[in-house]
Each structure stands twice: as C-alpha cells, then as structure tokens.
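Me: I am new to this structure. Please walk me through how to read it, feature by feature.

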Amino acid sequence: MSFIHASIYEWSRNDKLIENAEIKFSENSDTVFADFNNDGFTDMILKVPDSRWKVYTNTGDTANPEYRIELECLPSFIAVKTVYLNLDNKIDLACLYASGSLRGYINNSADESISLYSEPDLFKSLSDIVISNITFLDFDVDGDLDLCAETDSQIIAYENKSFNDSDGTVVQWAEENFPNPFSSPTIMSYEVLQEGNVTIKIYDIHGKPVSHYRLGVQKPGSYVYNWDGKNNKGIDMPSGIYFAKLRAKYDIIKKKITFLR
C-alpha cells in the first residue's frame, strides 16, 4: 500500500480566488474513461441502473477489445470527476453524492488490477456546504489544484494548501531554472541536504502529470536536471505554465516554469 502523507489534503476557503476566473462546470456523465492502472489502456467507470457505479478494466487485447468487471462496490453518487489528488501519478476520483457531500477515492492500483479506496476526511473542510457540482483547476497558479464548488446561490472556492514548500531539511532548489521562460532545454539546479530517493515530476496547470523522473538515491550535494519540454513519451508539450515538483523522502518543493514554443 502506498503511503499517504497525513497533511496531504488541506483546503482553505478563499473568496478572492476566482474573482477573475471563468468557471465552466461540465455536464454530469454516466461514463468516465481513464487509465486507472497506468497500463496504457483506457479503463471505464459506468453508472448502472441501480445508480451504483462499476469499474471495468480494459484487457488491452487490441485484436478483440474487451472490458472486464473489476469493481462493483462503488456506492451511489450523482457525479464523478477524475483528478490527481496526490503525487503518485495515478488518477483518483472525486465523487458527489445526492446529499451534496463530497467523497474522495484514492487510486491504489498495482500491476493490472484496479484498487480504489475511500478517504472520508479528504474534503472534510467542505462539510458545511451542500454543493451540486465541482471543478478542479489551479486558479492561483501555484502548482496545486484548487477546488470550486457550486451551490444553489453561489460558487465557493477552496484554495489547496496541501503541498506547502518544505523547510529545505532534505532537498531544495538551488536557484531559478535557466532560461525561464524557455524554448530549449531548461536547467534546474537543486541541492540534496540528506541522502534520499529523489524524483522530479512536471505538471501542467491543470495538475495533470506531464513527465516523471526517478533520479534514484542521491547523496548530499549539488545536482542539475534538464527538461526539454517533452512528456515521458517524447512528445513536445504546448506552450504554457508548468510546475516542477522536487521530492525526497517527505519533502516536496515546487517551482513554476514557463515554456514557449
């Protein structure tokens, strides 16, 4: 089972967060498509007549495409959104119930099987409102997904304060990446203060992972990493704002980078 940091979810209401943002809530759908087990094939969550939801795994057989039932235990909720709620590069779920409450399901899938477990305290700070729709976006462009909830009379914004910059006890950025903005590879310098397993992940402004680099166990010292503006499949990313998140042990620090093509 993957470790979930105790303070990973922290939502704080911020009424100024979306003053200048254009909010577009999507239509509720009875089918959700996503690659939940990271095997390269699109899986499916389907609403069945009794209002429950079933999870189907894509078998990956290109000659005879087939979905098999993986989970039947998801309860009755009126809407579901796929969102990256932590830093494990797996697609999680935010589920909205008819009562207006919101429940998160963390993706703990391994190998080919799909595993989703409920995290009841995920949106605990939203328990005082009844909502009819939700959307996730990095409204304040700080690298963390924020949340907007629609009620009968207003739209309420919650700022995500989950991944605050660390105190640098394990790892830290040494300086601003150069060049920034960049159109050719940009150099990111960082320092490891305590030996640990280091990873760098690049996210887009929607919180979707673009690339994931496992740099292995590194001893204390200075290091550099070059990002060429491509994802893990070698595909050029479009111009825009991205975030680099540097992680070692339980320290997670981030920086904003601007890619111009």
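Reply: Start with pairing. Two strands pair if DSSP finds at least two bridges between them. Strands are DSSP runs of E with at least two residues, and they are numbered from the N terminus. Here β6 (residues 79-83) and β7 (residues 92-96) run antiparallel and are joined by five bridges. Within that pair, K81 stands opposite A94 of β7.

Me: What kind of model is this, and how are its residues numbered?

Reply: This is a predicted model, in which local features need pLDDT of at least 70, side-chain atom pairs count only at pLDDT 80 or more, and totals for chains, interfaces and linings use all residues. Residues are numbered from 1 along each chain as its sequence is written, and side-chain values use heavy atoms, leaving out hydrogens and water.

Me: What is the mean pLDDT of the chain?

Reply: pLDDT is the predictor's confidence in each residue, from 0 to 100. The chain's mean is 77, and 82% of its residues reach 70 or more. Among the elements, β1 has the lowest mean, 74, and strand β17 (residues 221-227) the highest, 89. Over residues 1-8 the pLDDT stays under 50. Residues 164-168 are also below 50.

Me: In what order do the four strands of the open sheet come?

Reply: The order is β1-β12-β11-β10, with antiparallel pairing. β1 (11-13) and β10 (133-137) are at the edges with a single partner strand each, so one side of each has no neighbour in the sheet. β10 pairs with β11 (residues 146-150) over five bridges. There, T135 has C148 of β11 as its bridge partner.

Me: Is C148 buried or exposed?

Reply: Buried means under 20% relative accessible area, exposed over 50%, and partly exposed in between (1.4 Å probe, protein chains only). C148 is buried, at 0%. C95 is buried too, with 0%. Strand β6 has four of its five residues buried, so the rest of the structure largely encloses it.

Me: How many salt bridges are there?

Reply: Side chains of opposite charge can pair when their charged atoms come close. A salt bridge puts a side-chain nitrogen of Lys or Arg within 4 Å of a carboxyl oxygen of Asp or Glu. The whole structure has two. In one, K219 meets E195 at 3.5 Å, N to O. K219 is in the loop between β16 (209-218) and β17, and E195 is in the loop between β14 (186-192) and β15 (196-204), so the pair ties together parts 24 residues apart in sequence. K219 is exposed at 54%, while E195 is partly exposed at 40%. In the other, K230 meets D236 at 2.5 Å, N to O.

Notes:
Contact means heavy atoms within 4.5 Å.
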